[in-house]
Amino acid sequence: MKRIKLSSVLYVFTIICALSCGGPQEKPTKEGSKWIMKLATMTPMSHTYNQGALKFAELIRERTGGRIEIVLYPDGQLGKGEREILETVQQGTIDIYVGSTGPLGGFNSSIGILDIPFLFLDHTHVDKVLDGPIGRQLLDSLEKSGFKALAFWENGFRHLTNSKRPVKTPADVRGLKIRTMENKIHLTAWKAIGANPVPMPWGEVYTALHQKTIDGQENPIAVIHSSRLNEVQKYLTLTQHVYSPAVVIVSAKKWQAMKPEDQDIFLKAALEVAPYQRKLGRDNEAKQIEELKQKGMHVIEIDKTLWRNAMSSALAEYEKQFGKENIQAIVNTR
């Protein structure tokens, strides 16, 4: 009887442990068994990251005959910030990351070239660079940092919001505490025009804005809209100061454990979803700006030339870091 009771207790304990592990786990027990992979983002389900990820997961499930299933964990469920999630992807605990390239500069400096202010003219310019040889070279460079980068998706052109005053010229920014990603290029750009940039994980930003620990932040319209920043920010300045790509990354450890045919499926699916995911954001941006206006935000247009010239004071530092010829290669791609 004691043995029976002991085995029962152990069984219950095992079930409790399994339920408390925090999500689906890989099951590589035998040939043909299902492999469940965790995909993490920092944005709400309504954001284009997750809409693209749903499409990506659907293609993977179909093309592997259900052998591989991708489960989404949106809205920072698996980490307070993108850098924390990326560290966990490096370790192989999280399988897939969809998010901004901004924090990747802390893992591989070469990707930071994309964060130079006013580097891209428009979406056509963006697509030619990121879908061409320059983009592939940048994606491949991340392998030495423990990441397998499959494709560039889109976060979007970044804009400034704040709760203190209307901002139309660079001079209006002076002294404002602006949340940025943990990215040296962004910090340098904002310091160049007199702002006080504050690097902060995204999971802490809404509370900091609500408590007025910081005055503002900068992000694409899709993030501003889906995160309801109109509740804590009064002014939206359409600066388009930096284009922010998104990237689909698989843990290098998990990538190496995959069959070559599955690797091919993942790569082709990520590239196939890219134009779909980008189009979602681009088609909705004007509508989202109008909705933010209706919810009380003051939307301000700017003279981009004025802002470009103001932030160009940091260009010499960028040229030293990335090489003038590499920057010009992006500028001259048409």
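H159 lies in strand β4 of this predicted model. With a relative accessible area of 2%, H159 counts as buried, because that value falls under the 20% cut-off.

The largest nonpolar core comprises 63 residues, and L104, L114, F120, I249 and W307 have the most contacts inside it. Strand β4, which spans residues 147-162, is the element that gives the most to this core, with five residues. In soluble globular proteins, nonpolar side chains tend to be buried together. Apart from neighbours within four places in sequence, W307 is in contact with F118, L160, V167, K168, T169, P170, V173, W190, I193, T239 and I302.

W190, one of the contacts of W307, belongs to helix α6 (residues 184-192), where I185, H186, L187, T188 and A189 are buried as well as W190. The packing partners of the buried α6 residues are strands β4, β5 (177-180), β6 (196-199) and β7 (216-220), together with helices α11 (304-311) and α12 (315-322). At the start of α6, a side-chain oxygen of N183 comes to within 2.9 Å of the backbone nitrogen of I185. After the helix comes G194, which has a positive phi near 90°.

Two cavities of 30 Å³ or more were found in the model. By class, the lining of the largest cavity holds eight nonpolar, five polar and five charged residues.

The second largest cavity has a volume of about 110 Å³. It is lined by 15 residues, of which E154, N155, G156, G281 and E285 are the closest to its centre. Two or more lining residues come from each of β4, α8 (221-226) and α10 (260-294). Helix α10 gives the most, with five residues. The lining of the second largest cavity is made up of four nonpolar, seven polar and four charged residues.

Key
Residues are numbered from 1 along each chain as its sequence is written. This is a predicted model: local features need pLDDT of at least 70, side-chain atom pairs count only at pLDDT 80 or more; totals for chains, interfaces and linings use all residues. Side-chain values use heavy atoms; hydrogens and water are left out. A nonpolar core is a set of buried Ala, Val, Leu, Ile, Met, Phe, Trp, Tyr and Cys residues joined through side-chain atoms within 4.5 Å. Buried means under 20% relative accessible area, exposed over 50%, partly exposed in between (1.4 Å probe, protein chains only). Helices (H or I, at least four residues) and strands (E, at least two) are DSSP runs, numbered from the N terminus. Contact means heavy atoms within 4.5 Å. A polar contact is a pair of N or O atoms within 3.5 Å; within protein, one must be able to donate a hydrogen and the other to accept it, and residues adjacent in sequence count only if both atoms are side-chain atoms. On a 1 Å grid over the protein atoms alone, a cavity is a set of points where a 1.4 Å probe fits but cannot get out, and a pocket is an open set with protein on both sides within 12 Å along at least five of seven lines; lining residues have an atom within 4 Å of a point. Grid points are joined across faces, edges and corners, and a volume is the space filled by probe spheres set on the points. Ala, Val, Leu, Ile, Met, Phe, Trp, Tyr, Cys and Pro count as nonpolar, Asp, Glu, Lys and Arg as charged, and the others, Gly among them, as polar.
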